[in-house]
Amino acid sequence: YLMVSGTAAEVGAGSRLGGAEWLAVAVADRPEGRASARVRLAAVLDGATALRVAGGAAVADEVRWDGGDVVARRVERLGAVVLGSAPLREPDPAAVRAALLEGLRELGPSGMLRWTDGAERLRRRMAFLHQEVGAPWPAVDDGALAARAEEWLGPELGRARRRADLARADAADALRRLLPWNDPSGAALRFDALAPERVAVPSGSRVRVEYGGDGRPFLAVKLQEVFGWEEAPALAGGRVPLTLHLLSPAGRVVAVTGDLRSFWGDGYQAVRRDLRGRYPKHAWPEDPRTVPAHRGTRPR
């Protein structure tokens with residue numbers, strides 16, 4: 001049983017009271033260490049009498065985060081005992097917003113929102129600048145985003161009525177609201193220069209920069225596309241050198257370097273010997289700094 005005070009209660013094993021819907025409990029105790037009270041003396045009661053002697057039921061609208069979603073219902077209660085409930089057609093928007101914020105704190109934005117590949121990449125770029133530059137670039141981990149949810153997710157929270165509505169929101173558009181637009185230095189306008197999504201290489205290709213989990217950006221590019229390049233660009237305003245993952249014509253990594261000038265002078269010759277044997281239709285010049293970069297096959 002559940003008492004109107006909210007305390008759980010049990011009748012003794014084999015008691016004839018156990019089949020009754022309502023009881024009027026005269027004596028009960030709760031020994032230390034037990035989760036429920038023990039009913040010592042009680043009488044069977046009908047529902048109408050229970051309502052009358054307890055002062056009648058109360059009806060209230062309840063909106064809360066429960067079981068992984070927003071639950072909105074009109075509930076009839078006698079104290080802690082729920083007599084009945086029905087879904088709310090038009091729950092209070094402020095209460096729904098509060099419930100969704102509770103969900104964000106519980107599951108984190110990663111669990112509540114739909115993160116497309118573009119949204120994930122944007123988030124990693126912002127995280128990179130927060131790590132390497134600091135202010136005014138904000139933290140974008142789950143804890144920081146949940147704490148500032150009203151700021152960057154406000155319009156979506158205002159429209160949502162349940163978790164599925166929030167999951168349909170464009171996380172990338174929402175996240176861009178956290179870019180430092182009010183910074184007097186105009187930092188937000190330089191976002192694409194400080195943490196570019198793509199970088200132009202000597203062949204003319206624009207290659208996507210990968211911002212890894214460790215925050216160190218790298219460029220996976222075919223070796224022939226960077227012939228003639230003395231130095232890869234540095235990101236975050238020159239603070240962080242771009243690491244190159246140099247690929248074979250088949251797209252396999254043959255070298256990793258953060259110092260292209262030294263690689264041409266030292267490591268390239270060993271790589272060249274291997275690639276000349278495996279890809280004889282491609283040109284592998286002795287000094288790649290003096291030849292134009294290219295895409296695809298180029299005769300020797």
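Me: What radius of gyration does the chain have, and what would a compact globule of 300 residues have?
Reply: Happy to start there, with a note that this is a predicted model, where local features need pLDDT of at least 70, side-chain atom pairs count only at pLDDT 80 or more, and totals for chains, interfaces and linings use all residues. Residues are numbered from 1 along each chain as its sequence is written, and side-chain values use heavy atoms, leaving out hydrogens and water. The radius is taken over C-alpha atoms, and the globule rule is 2.2 Å times the number of residues to the power 0.38. For a compact globule of 300 residues that would be near 19 Å, but the chain has 33 Å.

Me: What share of the 300 residues is buried?
Reply: Buried means under 20% relative accessible area, with exposed over 50% and partly exposed in between (1.4 Å probe, protein chains only). Of the 300 residues in the chain, the buried ones make up 39%.

Me: What are the edge strands of the open sheet of 5 strands?
Reply: Two strands pair if DSSP finds at least two bridges between them. The order is β7-β8-β9-β12-β13, with mixed pairing. Inside it, β9 (residues 217-222) and β12 (residues 243-247) run parallel, joined by 5 bridges, and valine 221 stands opposite leucine 246 in β12. Pairing on one side only marks the edge strands, β7 (198-200) and β13 (253-257).

Me: At about what angle does α3 run to β8?
Reply: Axes are lines fitted to C-alpha atoms, for helices over the stretch in contact, and angles run from 0 to 180 degrees between N-to-C directions. Helix α3 lies across β8 (206-211) and β9, and its angle to β8 is about 65°.

Me: Why does arginine 121 count as buried?
Reply: Arginine 121 lies in helix α3 (residues 117-132). Contact means heavy atoms within 4.5 Å, and, leaving aside neighbours within four places in sequence, arginine 121 is in contact with Arg208, Val209 and Glu210. Arginine 121 counts as buried because its relative accessibility is 13%.

Methods:
Helix = DSSP H or I, 4+ residues; strand = E, 2+ residues; numbered from the N terminus.
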